[in-house]
Amino acid sequence: MECELLIKGGRVLDPGRGIDGILDVALADGKIAALESGIPEKGARQVIDASGKLVTPGLIDLHTHLYWGDTAIGVEPDPVCARSGVTTIVDAGSADVKSFLGFRRFICEPAESRVFAFLHATPYPRPGTDPIAHARANASATARMVEENRDVILGLKLFVAGNMVGEYGLGLLQVAREIADQIKLPIMVHIGFAPPSIPEILSLLVEGDIVTHSFNGHENRVVDDKGKVRADVLEARERGVLLDIGHGSGSFSFETARAMLAQGQPPDIISTDLYSSNVDGPVYDLPTTLSKFLALGMSLEDVIIRATEKPAAIIGKGDGLGSLEVGETGDVSILELLDGEFELTDCHRETLVGEQRLVSAGTIRAGRLMEVE
């Protein structure tokens, strides 16, 4: 068949569609043209031998910081995506209403990777300004910015941890709730330290909202001092509040993760919270973060679905995002699943030795192999 790119002989794993087998993937005109065995190489402009490798839907990292050149922590999306198998990457609140247009113009639009964002729910106040009053004064402008950029903005992001916003977290969340109800998009909330408390935060969240840094090891975490999943967390999950990992430099604990998994409470989304000071550890990239959950006992299928179909459902933009569907956008990740002994580290410098590790072997975005710098 005529195609620009043919991926031959890999183990195609698309858990969301129940696909797991040795298949070929043909890509033409930026889309998946065929998914079957024995596609002849004749007619393909480029052939990738994926024997012994995994071929999955393009990985999605729902929590990163990408405003390179504007914020101190931003990383450039394309180099990260090309080297890590990520085809869709989401910035979590680096831009607010006053800076988003720059983010769109200089980060989203030039990127080869697919870039979305959660808009920071409140503009950062000037010194001496009451943050809650400032947020409420800018609420209409924030809602308007979302309405004008719904193709990129997925929802609102808010820091509610006391170490970042002091005693203002709950009041800021109340303002964010009002805006989110108006625009009918979710809120992603950053937790970690009180105030406010976990019950106060969860009481303001509804179906589709996202708690990020959910498996942290700080005082505001999803398990109690005895390691038991909090009743209010269980209740929130039952009503549709989602738990995102958002690993970061200080927001992921093996201890919390073990407790949650032992009680049948895996995360809904596995993301990195990647930024400039953690790309060289402890985060590195999304495949490394996924590997930590393999080492904790999650299955390969359960890990992959939390970086493909699950975040795709939150993004909700269609085009086959998060799956390998013939006729839809040709976003594909090629991964190697290595066997051996691999030291993996959480944010508290606890080390876990895993027997398997995922590493990227290629990122295909819209049918084109991205070049690694």
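Reader: What do the numbering and the values rest on?
Author: Residues are numbered from 1 along each chain as its sequence is written, and side-chain values use heavy atoms, with hydrogens and water left out. The model is predicted: local features need pLDDT of at least 70, side-chain atom pairs count only at pLDDT 80 or more, and totals for chains, interfaces and linings use all residues.

Reader: What makes the backbone of D273 worth a remark?
Author: Phi of D273 is positive, about 55 degrees, although D273 is not a glycine. D273 lies in the loop between α9 (254-262) and α10 (286-295). Helices here are DSSP runs of H or I with at least four residues, strands are runs of E with at least two, and both are numbered from the N terminus.

Reader: And which class does Y284 fall into, and why?
Author: Y284 has 39% relative accessibility, so Y284 counts as partly exposed. Y284 is also in the loop between α9 and α10. Its phi is near 70 degrees, again positive in a residue other than glycine.

Reader: How many aromatic pairs are there?
Author: The count is 5. Rings of Phe, Tyr and Trp (its six-membered ring) pair if their centres lie within 6.5 Å; planes under 30 degrees apart count as stacked, over 60 as edge-to-face, and the rest as tilted.

Reader: Why is the pair of Y67 and F103 given its class?
Author: The ring centres are 5.3 Å apart and the planes stand at 80 degrees, so the pair of Y67 and F103 is edge-to-face. This pair links distant parts of the chain, 36 residues apart: Y67 is in the loop between β6 (59-64) and α1, F103 in helix α2. Both Y67 and F103 are buried.

Reader: What makes F252 and F254 a pair, and of which class?
Author: Their ring centres lie 5.6 Å apart and their planes are at 80 degrees, so F252 and F254 are edge-to-face. F252 has 0% relative accessibility and so counts as buried. F254 is buried too, with a relative accessible area of 0%. F252 and F254 belong to one aromatic cluster with F215 and F293.

Reader: Which residues of helix α2 are buried, and what do they pack against?
Author: In α2 (residues 100-108) the buried residues are F100, G102, F103, R104, I107 and C108. They pack against α1 (77-84), β7 (86-92), β8 (114-120), α4 (139-148) and β9 (153-159). Contact means heavy atoms within 4.5 Å.

Reader: How do you know that L324 is buried, and what does L324 touch?
Author: At 0% relative accessibility, L324 counts as buried. L324 sits in the loop between α12 (309-315) and β13 (332-345). Leaving aside neighbours within four places in sequence, its contacts include V12, D14, I32, V55 and D331. L324 and G16 are 308 residues apart in sequence, yet 9.3 Å apart in space, C-alpha to C-alpha.

Terms used
Buried < 20%, exposed > 50% of the residue type's maximum accessible area, 1.4 Å probe, protein only.
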